[in-house]
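I opened this notebook to record what I looked up about aromatic rings. The entries follow in the order in which I made them.

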Amino acid sequence: MNNTKEPKTQGVINSILGVMTKRQRIVKCPEHGYYLADEIWVGEEVKSQSRCPQCVEKHREEWKAKEEAFRKQQEEDEIKRRIETTRIPYDYRTKDFSTFNPANETQQKALALAKRFVKGFEKAWQGGYGLIFLGACGTGKTHLACSIMIELIRKHKGFFPKYYRAAEIFSGVRDTYRNGASTTEEEAINFFSYIPLLVIDEIGVQKGSDAERRILFSILENRMTDKYPTILISNLNAETLSDLIGERLYDRIKAKCVPALFMGESMRKQATADLFD
C-alpha cells in the first residue's frame, strides 16, 4: 500500500539531482501491522524510515530494564569494593541482618539493638555513640558487628568503616617505635582515632599491659571526645574487662557505648570430613 503522490517529472528531476525530501508512507510492521512512517528520500531512494511506534515503545521498556539492571550491578560492585576495604574477615563479608539467626533471647535483643543503631545512625554519628558486645566465643558478636558495617555501607554512599582486632592496633602503634619507622606513634594513634566507624574486636585477648591500656585509652578518648562512633567486642564479662583495661577507661566506654550481652552455646558449626567430599 502506498499513498505517496508526486508528479512523475518531478520525481525524475529529483532522482537526477539527488534532492533530499521528507515523505510519509503507510508501511507494514511484521509484528504490529500498518503504521504511518516518516521517511527521508534522496532522489528516488529511501535513506531512512521511522520505526513502528509500538516496537519503539516495547524496546524502550526493554532498554529501561537493562539500564536499571546495569545501574544496580554498578551499585553492588561499588558496595563490594567498599566492603573489601573495611578489613572485615572474609567469612563475614556476605553477612547482614538477614543471615543472623538468634538462638536465644540475648541474641534477639542484640539483633534488635543493632537494627536500632543502623536506623538511628545519624544520631549515633552526631553524638559519637557506639556499642559494646560482650559474651563467650562463637555467640555471634563479630557476625553482628560486621553485619552493622555492611548494612551501613549499603545505606550510606561513600561511608568507609574499618574492622581491626585489638592486637592489630597495638602492633600497628608499636611498629612506630622501630628505628627508621616512617610513621610516628601520634600519627598511628590519630589514624585509628578518626576512622568514621571503628570496630575493635578481641579486646581482652592481650596481656592488658600498661602500654596497651595507654594506647587503647588514647584512641578511645580521641574518638569519644571528637564524637566518632565505635563498636567494641570482647569475650570477657563487664567486670573482668573493667579489671583488664582499667576502671577509668571502662567508665569512659560505658558513657558512650550501649552494651549487649551475648549468651548461649557457640553458633559455629563443627567441621566434619564431609567438607572433603
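Predicted model: local features only at pLDDT ≥ 70, side-chain atom pairs only at ≥ 80, totals over all residues.

Residues are numbered from 1 along each chain as its sequence is written, and side-chain values use heavy atoms, without hydrogens and water.

I looked up the aromatic pairs and found nine. Rings of Phe, Tyr and Trp (its six-membered ring) pair if their centres lie within 6.5 Å; planes under 30 degrees apart are stacked, over 60 edge-to-face and the rest tilted.

I examined phenylalanine 121 and phenylalanine 159: their ring centres are 5.4 Å apart and their planes stand at 75°, so this pair is edge-to-face. Phenylalanine 121 belongs to helix α4, and phenylalanine 159 to the loop between α5 and β5, 38 residues apart. Helices (H or I, at least four residues) and strands (E, at least two) are DSSP runs, numbered from the N terminus. Phenylalanine 121 is buried at 4% relative accessible area, and phenylalanine 159 is buried at 9%.

I then noted a cluster in which ring pairs link Phe117, Phe121, Trp125, Phe159, Tyr194 and Tyr228.

Last, I checked lysine 256, whose charged end sits over the ring of tyrosine 129, 4.5 Å from its centre. The criterion is NZ of Lys or CZ of Arg within 6 Å of the ring centre and within 35 degrees of the ring normal.

Conventions:
Buried < 20%, exposed > 50% of the residue type's maximum accessible area, 1.4 Å probe, protein only.
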